[in-house]
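I opened the model to look up a handful of side chains and the elements around them. My notes follow in the order I took them.

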Amino acid sequence: MTNVPGTGARPGTKAEGCLRIGVPAEVKTDEYRVALTPAGALELTRRGHEVRVERGAGVGAEGLDGAYERVGARIGGAEDAWAGELVLKVKEPQASEFGFLRDDQTLFPYLHLAANPGVADALRRAGTTGI
């Protein structure tokens, strides 16, 4: 296994004081984007953050698993991506994802809470911080 470019760190490791950042695949119908590009993942891994991307995230953006791995992100399942302290998404969580929400987690998607009161309720019940 090689070091993350520009860091000397091993892929998938988290430096002290840094975050575990998750990037789940979008499950909303007709949503194929991904919240973090490989270039963004590189910037985060260079700074010691651990980035975990769900396998197949961004399939509408050319299937980027290999590109994420090359910059030091880990590829895994939905559970891996949602295990992040900070979770980056394009769209608000869907009902099938509510079980991943936790009180020690910050979620950073486009939240449309007025149009989706069930999402606001799920965030409140889980204690998740939504940005």
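**Entry 1: Thr 128.** I began with the side chain of Thr 128, where a polar atom lies 2.8 Å from the backbone oxygen of Arg 102. I count a polar contact as a pair of N or O atoms within 3.5 Å; within protein, one must be able to donate a hydrogen and the other to accept it, and residues adjacent in sequence count only if both atoms are side-chain atoms. This is a predicted model, so I noted the limits: local features need pLDDT of at least 70, side-chain atom pairs count only at pLDDT 80 or more, and totals for chains, interfaces and linings use all residues. Residues are numbered from 1 along each chain as its sequence is written, and side-chain values use heavy atoms, with hydrogens and water left out.

Where does Thr 128 sit? I found Thr 128 in the loop between helix 4 and strand 6 (129-130). Helices (H or I, at least four residues) and strands (E, at least two) are DSSP runs, numbered from the N terminus. Thr 128 is buried, at a relative accessible area of 9%. Buried means under 20% relative accessible area, exposed over 50%, and partly exposed in between (1.4 Å probe, protein chains only).

I then listed what Thr 128 touches, leaving out residues up to four places away in sequence: Leu 101, Arg 102, Asp 103, Gln 105, Leu 107 and Leu 123. Contact here means heavy atoms within 4.5 Å. Asp 103 is 25 residues from Thr 128 in sequence, yet their C-alpha atoms are 4.6 Å apart.

**Entry 2: helix 4.** I went back to the helix before that loop. Which residues of helix 4 (residues 117-126) are buried? They are Val 119, Ala 122, Leu 123 and Ala 126. These residues lie on the same side of helix 4 because they cover an arc of only 100° around the axis. The arc is taken from the directions from the helix axis to the C-beta atoms. Strand 5 (106-110) is among what covers the buried residues. Pro 117, Arg 124 and Arg 125 are exposed on the other side of helix 4. Gly 127 follows helix 4, with a positive phi near 80°.

**Entry 3: the aromatic pair.** I searched for ring pairs and got one. Trp 82 and Phe 100 are stacked, with 5.4 Å centre to centre and 10° between the planes. My cut-offs: rings of Phe, Tyr and Trp (its six-membered ring) pair if their centres lie within 6.5 Å; planes under 30 degrees apart count as stacked, over 60 as edge-to-face and the rest as tilted. Trp 82 is in helix 3 (residues 78-82) and Phe 100 in the loop between strand 4 (86-91) and strand 5, so the pair ties together parts 18 residues apart in sequence. Buried or exposed? Trp 82 is buried at 2% relative accessible area, whereas Phe 100 is partly exposed at 24%.

**Entry 4: His 49.** I looked at a histidine next. His 49 lies in the loop between helix 1 (38-46) and strand 2 (50-54). Its side chain reaches the backbone nitrogen of Leu 19 at 2.9 Å. His 49 is buried, with 17% relative accessible area.

**Entry 5: salt bridges.** How many salt bridges does the structure hold? I found eleven. Each is a side-chain nitrogen of Lys or Arg within 4 Å of a carboxyl oxygen of Asp or Glu.

- Lys 28 and Glu 92 meet at 3.0 Å, N to O. Lys 28 is in the loop between strand 1 (20-23) and helix 1, Glu 92 in the loop between strand 4 and strand 5, so this pair links distant parts of the chain, 64 residues apart. Glu 92 is buried at 2% relative accessible area, whereas Lys 28 is partly exposed at 28%.
- Arg 33 bridges to Glu 31, with the closest N and O atoms 2.7 Å apart. Arg 33 is partly exposed at 47% relative accessibility, and Glu 31 is buried at 12%.
- Glu 97 bridges to Lys 89, with the closest N and O atoms 3.3 Å apart. Both Glu 97 and Lys 89 are buried. Salt bridges with shared partners join Glu 26, Lys 89 and Glu 97 into one network.

**Entry 6: the whole chain.** The protein chain has four helices and six strands. Their order from the N terminus is β-α-β-α-β-α-β-β-α-β. Of its 131 residues, 44% count as buried. Among contacts with a separation of 6 or more, 54% are between residues 24 or more positions apart. The accessible surface is about 6800 Å², and 52% of that belongs to carbon and sulfur atoms. I took accessible areas from the Shrake-Rupley method with a 1.4 Å probe; for residues, only the protein chains shown count as cover.
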